[in-house]
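Thanks, everyone. Let me put the model up, and then we'll walk through the contact and the core.

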Amino acid sequence: VSGEADHLIRSNEAFAAARLLRGAHPSWAVVPLFYSAMHLMHARFDLDQLSADQRHPGQHKSYRDPSTGQVAKWGTLDVVRTVYPRHISSAYSSLFSASTAARYSAPIKGDGARLWAEHQVISDFVVPPTSS
Amino acid sequence: MGTGRCTMAVEDGLYKLDHQLRMINGVADVATDFPNPHELHLIVALFDYDWDVRQLAIELVDDFAREHVQDVTVLVEVVDAAGASLPLSA
């Protein structure tokens, strides 16, 4: 996937999948919901013309040089933390955490409404709602 | 648990973060692991799952991660202590 428009399409697809899952499987719905947010942020990376090494991360967490600790390949989590405001970073971290928990360990409790609100925060940041 | 050693700055920040997390009413335990010196896994266990407590924990951890982004990548998971199957260390 490359380019802002492509990322927005993939985000919408993932969001549609999340909506399909939401009623019967609210915890699993968080997985595509997170990936929708990830593609939204990647679209924003393109929009903001981040440096080439930050614009298309191929992983969630950065790869670092083991001897120096310097980032060798940026991960999306760290790009979001480095470049964007705190409320975006915490919303993204929250969705990532919930998605990981749903897949591997403790599923979220309840209907996850707050995660959907966090997705909305990211969505509004990347695609600001029109005022009309 | 990992065997990596983090930088002193990260270690100091993590000491403070661990304290801040445990001061939150509703946090039962905090576990940390360094699979390598530049990757930190944090598990925050809540006595009972509470969205407000979860949000506070996530924000604290994310603030820490932003402060130390040049040194370490942080992954956080918030779990329910009653149902957690993951081992937690003090």
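How many residues does the contact take from chain A and from chain B? Chain A gives 32 residues and chain B gives 27, with contact meaning heavy atoms within 4.5 Å.

Some ground rules. This is a predicted model, where local features need pLDDT of at least 70, side-chain atom pairs count only at pLDDT 80 or more, and totals for chains, interfaces and linings use all residues. Residues are numbered from 1 along each chain as its sequence is written, chains are lettered from A and ligands numbered from 1 in the order written, and side-chain values use heavy atoms, leaving out hydrogens and water.

Now the area. About 2500 Å² is buried between chain A and chain B; that is accessible area, 1.4 Å probe, lost on putting the two parts together, summed over both. Carbon and sulfur atoms give 49% of it.

Next, charges. The rule finds 6 salt bridges across the interface, each a side-chain nitrogen of Lys or Arg within 4 Å of a carboxyl oxygen of Asp or Glu. A:Arg86 pairs with B:Glu59, closest N and O atoms 3.8 Å apart.

On to the core. The largest nonpolar core has 55 residues. By core I mean buried Ala, Val, Leu, Ile, Met, Phe, Trp, Tyr and Cys joined through side-chain atoms within 4.5 Å, where buried is under 20% relative accessible area, 1.4 Å probe, protein chains only. A:Met41 and A:Ile122 have the most contacts inside this core. Beyond four places in sequence, A:Met41 touches residues including A:Val80, A:Tyr92 and A:Ile122.

Note on methods
Buried means under 20% relative accessible area, exposed over 50%, partly exposed in between (1.4 Å probe, protein chains only).
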